[in-house]
Amino acid sequence: MAYAFTFWTCYLLQKEYETIATMRLQFLASEKRRPDQFTVLVRNVPPDADESVSELVEHFFLVNHSDNYLTHQVVYDANKLAKLVKKKEKMQNWLDYYQIKYSRNESSRPFKKTGFLGLWGNRVDAIDFYTSEIEKLCKEISVERERVTNDPKSIMPAAFVSFKTRWGAAVCAQTQQSRNPTLWLTEWAPEPRDVYWHNLAIPFVSLTVRRLIIAVAFFFLTFFYMIPIAFVQSLASIEGIEKVVPFLRPIIEKKFIKSLIQGFLPGIVLKIFLIVLPAILMLMSKFEGFISISSLERRSASRYYLFNFVNVFLGSIIAGSALEQLNTFMKQSPNQIPRTIGVAIPMKATFFISYIMVDGWAGIAAEILMLKPLIIFHLKNFFLVKTEKDREEAMDPGSIGFNTGEPRIQLYFLLGLVYAVVTPVLLPFIIVFFGLAYVVFRHQIINVYNQEYESAAAFWPDVHGRIIAALIISQLLLLGLLSTKEAAQSTPFLIALPILTISFHYFCKGRFEPAFIRYPLQEAKMKDTLERAREPHLNLKGYLQTAYIHPVFKGDEDDEEEEILGKWEHDGELVPTKRQSRRNTPLPSKFSGSSSPSLPEVVEERGQP
């Protein structure tokens, strides 16, 4: 049965991978024109004493991609400016609220206190106060915007480079640009709404250190997460509360309050900590420096799944916290770990049946009822909503949240694969869960949630990898279980299963994963040819010129925006380098008034048949 389940799972995974890879290519071939199809993100641009980053990027791509380069937009460290713009929007929202309030009752001007949360401080006219604050912020924003656009230190060694064709962008994104593999690093640019602008200001050289720090932090978070929970739960006990606040003892000793504290408070504390966990994991991913929302969610989903595996799956099988599990495993030889867990698995089947019904089935019911967003909406509506804009934002259901929903679903895949051979009675409960989940999430995706970005099924390789990991875990645990039974002599026949599964994974990785990482040049050429035939006079440069401008530069001040855009506009002319030690590019540029010394040579070469 272990072989039967393994081969059946691998067969379905192979078919699904093939189907999704084909659908992805069909989607990319049929979708409308998007800026990210023509754009590449270039990072780790080497410093140059003679040229600015913008000049250096333009010169490099005009020399090395002369037939396809179109334009570029350098990356600015505009995080401080973004904070000021966000603060201004908040102030403007309060001003709108007080103006609406005043328009409804013009007999009295609205007042507010200038202290914390308006609870204390000087009492001032609210409309005048927010008007003056907005004027101050406008001046600060103008000064900061000028500093960002003119200060070379605010320009990061990175740029969004756009090409005339998808084929040219694909060649650039999927090839090494320099003899030094650590410089001029290129990757496909995320679509504009998928860009996480804050992380573009992180120096590329610090990313490796950041990821090492987060890897260590995640290890301690996973294995020591129960320590703060246990501490807070100890305070949530009757003795702990009486110790901290002894004057509440008469109230706590009442029968109803006592039973409430003993029955519900510890569980509520645990649930609150688990609710906070996805936000912690997302902050960790942001610290690592990923530059797109989709990549942030993929990394958070991987960590959330690993956390659930250690603290929910292993934590339920081996009683005790993850720290106690780690201590148990460290005192055993590695070949004893599968046996220890395998023996405990059948005994925990009834617990996981209850878990599937309580967390799985009830979770799907809560998803269709949308209780959490409903409660949050009413809280926001009561405390935060001041204007119609606030109300619209409070009613926004948001996106589906792949970083939390998908790992939870995959935990049930793990349970199904582990118990398929050991305790098959658990499988009907898993099947009911997936049937309900399919219907509910299909409805939610189509009719409820907003699409935050389009990654064209980029999540699937991670999903496939986690199912393969669950399959290998189930095989190793079955090996450990059988080694303790009378069937110990048959365990060598199971050793081939993990090897075959890993081989299958590498087969799928080599056969299908390139479709999720690279864009076939054949597909790019076909799409370019069709577009040229349908729209021969398309102004692609005008379409791409402002696609990757930082959102803070797309303000209401048209004059300032035009001035900023003017700094990024180019006439498509080749740019001569200011260094005399290198061969210059052929034609003059607006960045340098002088013509290139090599211009006559190039003209003579072009004049030859």
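Which residue forms a salt bridge with Asp128, and how far apart are the closest N and O atoms?

1. Basis of the note. This is a predicted model, in which local features need pLDDT of at least 70 and side-chain atom pairs count only at pLDDT 80 or more, while totals for chains, interfaces and linings use all residues. Residues are numbered from 1 along each chain as its sequence is written, and side-chain values use heavy atoms, with hydrogens and water left out.

2. Arg109 and Asp128. The partner of Asp128 is Arg109, with the closest N and O atoms 3.4 Å apart; a salt bridge here is a side-chain nitrogen of Lys or Arg within 4 Å of a carboxyl oxygen of Asp or Glu. Arg109 lies in the loop between α3 (79-104) and β3 (111-113) and Asp128 in helix α4 (residues 126-150), so the pair ties together parts that are 19 residues apart in sequence. Helices (H or I, at least four residues) and strands (E, at least two) are DSSP runs, numbered from the N terminus. Arg109 is partly exposed at 32% relative accessible area, and Asp128 is also partly exposed, at 46%. Buried denotes under 20% relative accessible area, exposed over 50%, and partly exposed in between (1.4 Å probe, protein chains only).

3. Arg166 and Glu531. A salt bridge joins Arg166 to Glu531, the closest N and O atoms being 3.1 Å apart. This pair links distant parts of the chain, with Arg166 in helix α5 (residues 166-173) and Glu531 in helix α23 (residues 521-534), 365 residues apart. Arg166 is buried, with a relative accessible area of 1%, and Glu531 is buried at 13%.

4. Arg299 and Glu288. These side chains meet in a salt bridge of 2.9 Å, N to O. Arg299 belongs to helix α12 (residues 293-317) and Glu288 to helix α11 (residues 265-288), 11 residues apart. Arg299 is partly exposed, at 29% relative accessible area, whereas Glu288 is buried at 1%. Salt bridges that share partners join Arg33, Arg166, Asp528, Glu531 and Glu535 into one network. A search of the whole structure finds 18 salt bridges.

5. Annotated segments. An unreviewed UniProt entry lists transmembrane regions that include residues 352-371 and 490-507; such annotations may be inferred rather than shown by experiment. Residues 352-371 are 95% helix and 0% strand, with the end C-alpha atoms 25 Å apart. Residues 490-507 are 67% helix and 0% strand, and their end C-alpha atoms are 28 Å apart.

6. Asp396. The place of Asp396 is in the loop between α17 (388-395) and α18 (402-422). Asp396 counts as partly exposed, at 43% relative accessibility.
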